[in-house]
Amino acid sequence: MSLDANEARRMLQWLADAGADEALVDEPVDRYAVANRPMMEVPVAAPSTRTNELSPQRVSPAPPPLPLRQAPAQPITAATATARELAAACHSLEELRAAVEAFEGCALKTTAKSTVFSAGPADAPVMLIGEGPGRDEDLEGLPFVGRSGRLLDRMLEAVGLSRQTNAYITNVIFWRPPGNRPPTAEEVAMCAPFLLRHIELKAPKVIVLLGATPLKHVLNAAEGITRARGRWGLYASAGVEIPALPTFHPAYLLRTPSAKRQAWQDLLSLKLKLREIGAA
Ligand code: URA
């Protein structure tokens with residue numbers, strides 16, 4: 001990969017913000033290659049009796065996975081029932097996009113300029129799900145194109161992902177709530193049949209949940225994002241199980257730069273999962 005000076009500067013800034021603020025050697029080390037080397041090649045240190053001593057063999061334990069939870073039965077309104085019927089009748093992402101664009105059941109559509117459906121290749125192994133479009137996304141009709149989108153792109157780039165090649169991006173809701181307020185439970189419920197069908201038709205290898213809203217509505221998690229981030233869950237629907245990783249929303253990272261360290265851990269965990277399942 002060759003970077004121009006500006007790109008290199010942005011990558012360095014991202015690494016520094018994430019806590020990697022010191023160069024240890026002159027040449028870059030591919031830590032993934034090191035991690036994947038056969039055990040025999042790893043230098044073996046004398047066994048230690050001190051359990052808290054750091055050694056090359058010590059790998060921090062993965063945080064416990066999130067428990068599997070059934071989605072609670074949703075109260076069915078006329079609009080959600082229509083959304084379910086429309087979503088079930090779609091058999092491709094193009095059909096689903098057209099159905100969402102034609103759906104008149106959600107009042108958010110009347111104040112929004114665009115329907116924001118998705119970005120990225122349909123066959124991307126990773127599907128990222130955010131909350132909903134903001135002002136920039138509404139203007140452009142694409143998810144994550146504002147400030148938080150630019151940060152998201154840099155985060156993805158740092159682990160070899162991009163919306164041009166291998167990352168598909170969408171949101172829980174398709175229209176910008178006025179004044180960027182959080183979507184109401186009713187608005188989310190109306191969009192949910194489309195979101196669930198979206199996951200089914202997209203059939204990604206891995207889902208990344210950006211923040212509390214997708215965590216709640218995709219995994220039905222009882223934990224908040226601070227407790228759940230970095231812990232793999234399983235999205236199970238229609239006989240298919242997809243590993244799902246909650247992490248902080250990029251807008252939160254812009255407000256709370258100290259959380260970028262944890263986000264970086266989550267990105268590494270994503271990268272390793274993709275390697276593990278042969279999707280990277
Ligand atoms: N925040 C989101 O959750 N989604 C977007 O598309 C943009 C900002």
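These legends describe close-up views of a predicted model. Local features need pLDDT of at least 70 and side-chain atom pairs count only at pLDDT 80 or more, while totals for chains, interfaces and linings use all residues. Residues are numbered from 1 along each chain as its sequence is written, and side-chain values use heavy atoms, with hydrogens and water left out.

**View 1. The open sheet has five strands.** Their order is E2-E1-E3-E5-E4, with mixed pairing. Strands (E, at least two residues) and helices (H or I, at least four) are DSSP runs, numbered from the N terminus; two strands pair if DSSP finds at least two bridges between them. Strand E2 (167-171) and E4 stand at the edges with a single partner strand each, so one side of each has no neighbour in the sheet. E1 and E2 pair in the parallel sense over five bridges, and Val 126 has Ala 167 in E2 as its bridge partner.

**View 2. Helix H9 (residues 212-219) has five buried residues listed here: Thr 213, Pro 214, Leu 215, Val 218 and Leu 219.** Buried means under 20% relative accessible area, exposed over 50%, and partly exposed in between (1.4 Å probe, protein chains only). These residues pack against several elements, including helix H8 (185-202) and helix H10 (225-228). Just after H9, Asn 220 takes a positive phi of about 55°.

**View 3. His 198 lies in helix H8.** His 198 counts as buried because its relative accessibility is 0%. Its side chain makes a polar contact with the side chain of Tyr 168 (2.7 Å). A polar contact is a pair of N or O atoms within 3.5 Å; within protein, one must be able to donate a hydrogen and the other to accept it, and residues adjacent in sequence count only if both atoms are side-chain atoms.

Key:
Contact means heavy atoms within 4.5 Å.
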